[in-house]
Amino acid sequence: MTTVDATEVAVRRERWSDDELLELELKNIFARCWQYLAHESEVPEPGDYVLRKMGRDSVIVTRDENAELKVLLNTCRHRGVPLCRADSGNTSHFRCSYHGWTYANTGELRGVTYQRDVYGKDGINKAELSLVSPAKVDTVFGLVFATWDPQAPSLPDYLGDIVWYLQAVFDKYPDGLEVVGTPVRNIIRTNWKTEGENLSGDGYHTTITHASAFPLGLFATEKDLVKLSDEVAPKFTGRTVVTPQGHSMRVQRLPLVLEGNHYFGYPKELWDVFDSRLSPAQQQLMSAMSVGHGSVFPNMSFIENFKTNVDGPDLHARYVRITVRYPINATTSEQLWFVLCPRGVDPDWARLSRLGYLRTNGPSGLFEIDDTENFVGISEAGVGQQSRSLPVVLEGGRDHPATPATVGWPGEVVDGDRTERTIRSFHRRWDELMAPMYDEGSR
Amino acid sequence: MSAPTAAGQRRPLTRPHFVPPDVRAAIADFLAFEASLLDDRRYQEWVDLVTDDFVYLVPTPRTPDSPFRPHWDERSMLIDESKWSLSAQWFRRFDEDIYEMAWAENPPVRFRHLVTNIKAVALTDEKLEVRSNVALIGTRQSDLPKYITGERTDTLVRHDRQLFLARRWVTLDQVLIDFPQLRIML
């Protein structure tokens, strides 16, 4: 297998602004790849459902009466009207508002109104008119994914080495994580890829885009660090991980000299649990981590973040967030924001965690609004006739040395996080998927 | 708004006992003045209009599965701020030593508050519940203006014959929010 960094990647700016390209992405990426839909905690009981999207298709994610997860394309097989109009709820059946066709939450068509009169005495073949479902639905650590492609690899094969990192983020809690309430949804005037590229591992932008966070005390500085350890190391260190499937992650470590594992920001009673649930290499990943974030190809990102002084001096918080982007057009996307909380955790800690999230990486958080301004700009400036064909610079981080194999982190890991390698990795995978339809040279 | 009650639970209309016109006029003046400080980005002065225990809360809007359930979810908030967090984090970004690095707020989005349908009832001698409709219009750079609407439920208190804002709770109408940015004082 060729390593990601051995492959040249040239990316023109039209990738963030061209509507024709988006049509091809919908066919070659969103119709084929596994996509993150929901967290199992959002649909805990039979009948629970949430409304999500795969590309531009609305899908109902539900749990049927046998407690099995189902994903149903939200459109009546009769004349195409959406069956579900609420963002979330609980029901055993979905009835169309147009002519009353009724489906069980397994997707089976159960009732056709005035069937004999309309379709004759033999009626209509209901067995052929179930709601359409993705070819495969599967979960990992409570994360629900689906794909339309019957030829798609299994979810574990699709995720590859990023599973090990997802496990460290999502599966270290004694009673699991749960999504807190309804996700915020907003429109962002940028291409669906921009935020995911950033979250894939761009440790280069942090001190510039988020410069205002230093005087506000939200980044751990010397003043905070000396209270966390007797010995403060000279600087933050980071690593990035890429996989051939286009998934990636960045991990930044607090500059502290420490004995044993320190899961800063978590209640102490969870530290021992993490030690028992994580492998030694995963413990090394999570201990003293200031921030870890990554992207699962194509449109899901996650972040686990330690932020200081979020609700007053020395009130530090840690939180786990998931975001997904749905394309509307090449320069407009819908983003969903999920904050997760460990089940059964102390309510005061949970509140501080949520405040930390809202004030930094929440939809109104100051990190996010500064990031978004950059993402919007990429699409805004990418529509020009001159600018669209310009390449972007994605050479960053080529000299970062491979992390010693003895560290035991899977995937292609390097020491260094001021990099563009995770974005190169995303676009190398994008090139592979788009290759049959898209030849940049001919456009 | 409060969610409508289901059929069979209807109650006869009870008219709220609104405050007398002079109190209402003082409240309307207060809200107009307060909104103008926000529109003018005089945030550090605006802070002097709120109590030390002030909270600003915006629950996440949603389309519920029943018209008898609220169109918001307070388990997950969009905004949850205190006087401390607004002063030390939110408004601090507009200070001269920081604003050049507060990218999303430089150039700042131009905000315009329209506050209407003010209804005030006295909770105690010193405490009022004031409901109003708010439309916030935001204009980013050369973009066309965007707007967002909602209902405020404010708690106002009187100290030394002056009004102060003690709590602001805003429920939004838009579920898929389309606004220049979501760091918004509604």
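This report walks through how some strands pair up in chains A and B of a predicted model.

A quick reminder before we start: strands of a sheet pair through backbone hydrogen bonds, and they can do so in a parallel or an antiparallel way.

Let's take chain A. Here you'll find an open sheet of 4 strands, in the order β4-β3-β2-β5, with antiparallel pairing. Strands β4 (69-73) and β5 (88-90) of chain A sit at the edges and each has a single partner strand, so one side of each has no neighbour in the sheet. On average, neighbouring strands of this sheet are turned by 30° against each other, ignoring direction. Inside the sheet, β2 (residues 48-54) and β3 (residues 57-63) of chain A make an antiparallel pair. To see a bridge for yourself, look at A:Y49, whose bridge partner in β3(A) is A:T62.

Now for chain B. Strand β3 (residues 110-122) runs antiparallel to strand β4 (residues 127-139), and a hairpin of 4 residues links the two. Along this pair, B:L114 faces B:A135 of β4(B).

Strand β4(B) also pairs with β5 (residues 146-159) of chain B, again in the antiparallel sense. Which residue of β5(B) stands opposite B:N133? That's B:E151. The hairpin of β4(B) and β5(B) has 6 residues between the strands, and in that hairpin B:Q141 takes a positive phi near 45°.

Here are the bridge counts for the pairs described above.

| Strand pair | Bridges |
|---|---|
| β2(A) and β3(A) | 6 bridges |
| β3(B) and β4(B) | 11 bridges |
| β4(B) and β5(B) | 12 bridges |

Key:
Residues are numbered from 1 along each chain as its sequence is written. Chains are lettered from A and ligands numbered from 1 in the order in which they are written. This is a predicted model: local features need pLDDT of at least 70, side-chain atom pairs count only at pLDDT 80 or more; totals for chains, interfaces and linings use all residues. Side-chain values use heavy atoms; hydrogens and water are left out. Two strands pair if DSSP finds at least two bridges between them. Axes are lines fitted to C-alpha atoms, for helices over the stretch in contact, and angles run from 0 to 180 degrees between N-to-C directions.
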